[in-house]
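Hi everyone, thanks for coming.

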Amino acid sequence: MVVISISNQKGGTGKTTTTIFLSYLLAQKNYKVLAIDTDPQASLTKVLGYTPRDVEGKDLSTIYEEAVKQYESNIEGYPEINVKEYAIRTKFHDTEFDFLASSLRLNDIANRLKELVESQFMLKWILDSVRSEYDIILIDNPPSTGILVVNSLVSADYVLAPVELTPLGLSGFTDLIGVVSRVKRSYNRELKWLGVLPTKFEKKNRDMKYYYTELKQLLEKAGIRLFNPVPKSVLISRMFRDEYLPDIIKNVKTANEVLKSYEMVINAIVEVV
């Protein structure tokens, strides 16, 4: 099983869209996929069509609560959670995969985790129970560097960073490099970079071309793979409506470019599974 943390502390970079697209494409290739929403804003949960009432008692905060309870009552053992019991089988257009939902209650869990000595390992312990159940786990993270993101990075094998080609986007990504390095040094020596995925790219935008070159130079120095940029496309917005995704792909001119960018990431994931 491979765990991939889709991270960037800046919001609006396409983390949720990337998580859904990769889950969809990997499931189409018959990989057993689990997508996890660790953002209290629950963007992934919402775009998959679920409300707080739908996921009550089966969301990630419920899992964390049970894990914390076990941790506090057994100082010699690690929490053992059957994640499969909480996973929701969802259908996105014509393809099914599992996911763990989020809710605002994760904010309370984040505050509770700060009180625990080994809190950064909690998600890793939680996911240990499904290592034989899934081929790939994709974690959609909140736009921060808080305890929930640290949990994600500690539990992950690889980091994938969607990056917006703007000054703030590059600045946020530079900060993320530092966070990943510190997590690797202190908690997860096996953590590696899967790569960086530029998003919302506009070929005719000179500023974006400039920042793309700047990002490319930065990644060459850091030894991090740069994926082909995902173009800004109506395909991205229309895929979250009631329209049938395969039909949208046929009718949108930029669809092939979007798919090629994500297929490049898929190929990198398949290499390490």
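At what angle do helix α1 and helix α12 pack, and how far apart are their axes? Before I answer, a quick note: this is a predicted model, in which local features need pLDDT of at least 70 and side-chain atom pairs count only at pLDDT 80 or more, while totals for chains, interfaces and linings use all residues. Residues are numbered from 1 along each chain as its sequence is written, and side-chain values use heavy atoms, with hydrogens and water left out.

Now the answer. Helix α1, residues 15-28, packs against helix α12, residues 255-272, at about 70°, with the axes 10 Å apart. Helices here are DSSP runs of H or I with at least four residues, strands are runs of E with at least two, and both are numbered from the N terminus. Axes are lines fitted to C-alpha atoms, for helices over the stretch in contact, and angles run from 0 to 180 degrees between N-to-C directions. So α1 and α12 are roughly perpendicular to each other. The wording follows cut-offs: under 35 degrees is roughly parallel, over 145 roughly antiparallel, 65 to 115 roughly perpendicular, and the rest oblique.

Who touches whom? From α1 we have Thr17, Thr18, Phe21, Leu22, Leu25 and Leu26, meeting α12 residues that include Val258, Leu259 and Tyr262. Contact means heavy atoms within 4.5 Å. This contact has 10 nonpolar, two polar and one charged residues. For these classes, Ala, Val, Leu, Ile, Met, Phe, Trp, Tyr, Cys and Pro count as nonpolar, Asp, Glu, Lys and Arg as charged, and the others, Gly among them, as polar.

Next, helix α8 (residues 167-186) and helix α9 (residues 206-222): their angle is about 15° and their axes are 10 Å apart. That makes the two, α8 and α9, roughly parallel. Pro167, Leu170, Phe173, Thr174 and Ile177 of α8 make the contact with Tyr211, Glu214, Leu215, Leu218 and Leu219 of α9. By class, the residues of this α8 and α9 contact are eight nonpolar, one polar and one charged.

On to the pockets. The largest pocket holds about 210 Å³ of space. A pocket is found on a 1 Å grid over the protein atoms alone, as an open set of points where a 1.4 Å probe fits, with protein on both sides within 12 Å along at least five of seven lines; lining residues have an atom within 4 Å of a point. Its volume is the space filled by probe spheres set on the points, which are joined across faces, edges and corners.

Of the 15 residues lining the largest pocket, Pro52, Val55, Ser102, Ser103 and Leu104 lie nearest its centre. Its lining divides into six nonpolar, five polar and four charged residues.

Finally, the second largest pocket has a volume of about 150 Å³. Among its lining residues are Thr13, Gly14, Thr17 and Tyr262.
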